[in-house]
Amino acid sequence: MDRDSPDEIIAATDELLHALVAANDLVPADIVSALFTVTEDLVSTFPARASRGHGWDHVAIMHATEIPVPGSLPRCIRVLVHAYSPKTPPEIKHCYLRDAKVLRPDR
């Protein structure tokens with residue numbers, strides 16, 4: 001993401017949610033809750049606004065700010081999703097997109 005703007009935050013979050021849902025065969029009824037975090041430099045809107053376009057109307061959602069560790073990745077959105085799934089933990093796919101790929105190159 002190049003800058004802090006509502007349109008870019010929503011687009012990046014939409015991309016992340018699409019990837020996560022597709023990779024893990026999730027439907028809205030599977031999703032129990034989600035915790036979105038952003039780095040301190042993203043303040044123009046709530047990332048979870050994008051979740052409504054995915055049908056997450058009854059999902060409990062919370063936002064938080066990442067710990068501002070010096071040298072950490074800027075303009076980063078993360079989501080921790082709690083969902084029902086028949087998959088075993090090794091089968092769950094964690095999605096790291098764009099510049100966040102450097103955070104977990106093993107994934």
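Predicted model: local features only at pLDDT ≥ 70, side-chain atom pairs only at ≥ 80, totals over all residues.
Trainee: OK, which residues make up the largest nonpolar core?
Mentor: That core has 12 residues, namely L16, L17, L20, L26, I31, A34, F36, A48, W56, V59, V79 and V81. A nonpolar core here is a set of buried Ala, Val, Leu, Ile, Met, Phe, Trp, Tyr and Cys residues joined through side-chain atoms within 4.5 Å, where buried means under 20% relative accessible area, exposed over 50% and partly exposed in between, with a 1.4 Å probe and protein chains only.

Trainee: And which elements give two or more residues to this core?
Mentor: Helix 1 (6-24), strand 1 (31-38) and strand 3 (77-83) do; helices (H or I, at least four residues) and strands (E, at least two) are DSSP runs, numbered from the N terminus.

Trainee: What is V81 in contact with?
Mentor: Leaving aside its neighbours within four places in sequence, V81 is in contact (heavy atoms within 4.5 Å) with L20, I31, S33, A34 and W56.

Trainee: Switching topic, is T45 buried or exposed?
Mentor: T45 counts as buried, because its relative accessibility is 14%, and T45 is found in the loop between strand 1 and strand 2 (60-65). Beyond its neighbours within four places in sequence, T45 is in contact with P6, I9 and I10.

Trainee: Which side chain does the T45 side chain make a polar contact with?
Mentor: The partner is the side chain of R49, at 2.8 Å. A polar contact is a pair of N or O atoms within 3.5 Å; within protein, one must be able to donate a hydrogen and the other to accept it, and residues adjacent in sequence count only if both atoms are side-chain atoms.

Trainee: How many salt bridges are there in the whole structure?
Mentor: A search finds 4, counting a side-chain nitrogen of Lys or Arg within 4 Å of a carboxyl oxygen of Asp or Glu. One of them joins the side chains of R98 and E15 (2.6 Å, N to O). R98 lies in the segment after strand 3 and E15 in helix 1, so this pair ties together parts that are 83 residues apart in sequence.

Key:
Residues numbered from 1 in each chain as written. Heavy atoms only, no water.
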